[in-house]
Amino acid sequence: MKSLYVTSVERYSGKTAVCLTLGKHFQKDGLKVGYLKPLSLQPWMSAGRVADEDAAFVKEILGLPAELWELSPVVLTTELLQEHLSSNGEIDYMPKVREAFDAAAENQDILLLEGGGSLREGYVVGLPTPQVAHDLGSEILVIIKYRDQIRLLDDALTAFTRLGDSLSGIIINRVPAAVQDFVADLAIPFLESRGILVFGVLPEAHTLAALTVNDLVDVLEAEILTKYYRPQSMVENLTVGAMTAEAALSRFRKYPQKAVITGGDRTDIQLAALETSTTCLVLTGNLHPSPLIIRQAEEFGVAVLLVRSNTMETVEKIEGIYGKTRLGQTKKLELFQSLLNENVDFEKLYGAIGI
């Protein structure tokens, strides 16, 4: 039985997406796949038990028989942290992780271990990625999110420095088309000359980073003013309407499938938004719009959301979740699966991890 620890240098790099779609690919190749998240920082209650936030979705997608709370043996709640700190850090959680690892690995060909959102996580409770992977004898796959040319190289070299021989290789995610040649012709040869295998380069796909109208309703605690709306409609762009209507219209035409954030009293901006490809209006300050706006929005199938926060506060709330790939939508999962299948060298990956 082999185990592969999937982690990332920073949060929102696509780690969970890669973990799940790798699992599906392994299963398609006839391998029996298990899953474990040794440490979770996302507590969620299930049947009175503490589990990881994504446990139900992971269980469904990979067809796992385990109970939700068995998929993450250590979930760092406020209470657990206080207990650990009160013990002066004397509590050893590794035996609990090892026990869960052995149970999850039973009768499997490969066990996927999902690491933290960054290489910094886990130290406070004695479960940092390098140590856990070493103790469990796992190979490590690191997901690097492309930010810019220098950060790509520095992130990969940082992972190699921290993980050493445990690092089997990397997958580079969200690479814009404009820098594909740089990555292929310069970055990959440079990294591989230093012993860092690159298994694949996944192109940027705006749809994967998009939110749904329902995501906005949840994060903003918004009131839905339109009678009919499509909760799974995608929001691929965010724009703030704080300019003249003429300037707004010119700007809005550049961004399809967008959410327009503006004051409830800016009827001119709202009308301009409704003339272009808009998924929803987010009206701030708890100011109700004109009935004309509601009628026209319902005619065009545009959701109108009313929030109490001001425009700046609303933007900050949305930015807190924007860009985090949520695979709860079937279309997103299928798209990411196709990106992985088309752009990852599985023969190279299998060879590196010994499958």
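This presentation describes the fold of one protein chain and then a few of its residues.

Before the details, the basis must be stated. The model is predicted, so local features need pLDDT of at least 70 and side-chain atom pairs count only at pLDDT 80 or more, whereas totals for chains, interfaces and linings use all residues. Residues are numbered from 1 along each chain as its sequence is written, and side-chain values use heavy atoms, with hydrogens and water left out.

Let me begin with the chain as a whole. Its secondary structure comes to 15 helices and 17 strands; helices (H or I, at least four residues) and strands (E, at least two) are DSSP runs, numbered from the N terminus. The radius of gyration is 23 Å, close to the 20 Å that the globule rule gives for 355 residues, so the chain is as compact as a globular protein of that length. That radius is taken over C-alpha atoms, and the rule is 2.2 Å times the number of residues to the power 0.38. Along the principal axes, the C-alpha atoms fill a box of roughly 65 × 50 × 40 Å.

Of the 355 residues, 52% count as buried. Here buried means under 20% relative accessible area, exposed means over 50%, and partly exposed lies in between (1.4 Å probe, protein chains only). Among contacts with a separation of 6 or more, 68% come from residues 24 or more positions apart, a contact being heavy atoms within 4.5 Å.

I turn now to individual sites. Where does Glu121 lie? Glu121 is found in the loop between strand E7 (110-114) and helix H5 (129-136). This residue counts as buried because its relative accessibility is 16%. The side chains of Glu121 and Arg11 are joined by a polar contact of 3.5 Å. Such a contact is a pair of N or O atoms within 3.5 Å; within protein, one must be able to donate a hydrogen and the other to accept it, and residues adjacent in sequence count only if both atoms are side-chain atoms. Leaving aside neighbours within four places in sequence, the residues in contact with Glu121 include Leu41, Leu127 and Pro128.

Ile196 counts as buried because its relative accessibility is 0%. Beyond its neighbours within four places in sequence, Ile196 is in contact with Ala156, Leu157, Phe160, Leu167, Ile170 and Leu191. Asp165 is 31 residues from Ile196 in sequence, and their C-alpha atoms are 9.8 Å apart in space.

The next topic is backbone geometry. Most residues other than glycine have a negative phi. Ala47, although not a glycine, has a positive phi of about 55°. Ala47 sits in the loop between strand E4 (43-46) and strand E5 (49-52), and it is exposed because its relative accessible area is 73%. Asn286, likewise not a glycine, has a positive phi of about 55°. Its place is the loop between strand E16 (278-284) and helix H12 (291-300), where Asn286 counts as partly exposed at 32% relative accessibility.

Which residues of H12 are buried? They are Ile293, Ile294, Gln296 and Ala297. An α-helix has 3.6 residues a turn, so residues three or four places apart point the same way. The buried residues of H12 pack against helix H11 (267-274), E16 and strand E17 (303-306). Just after H12, Gly301 takes a positive phi of about 75°.
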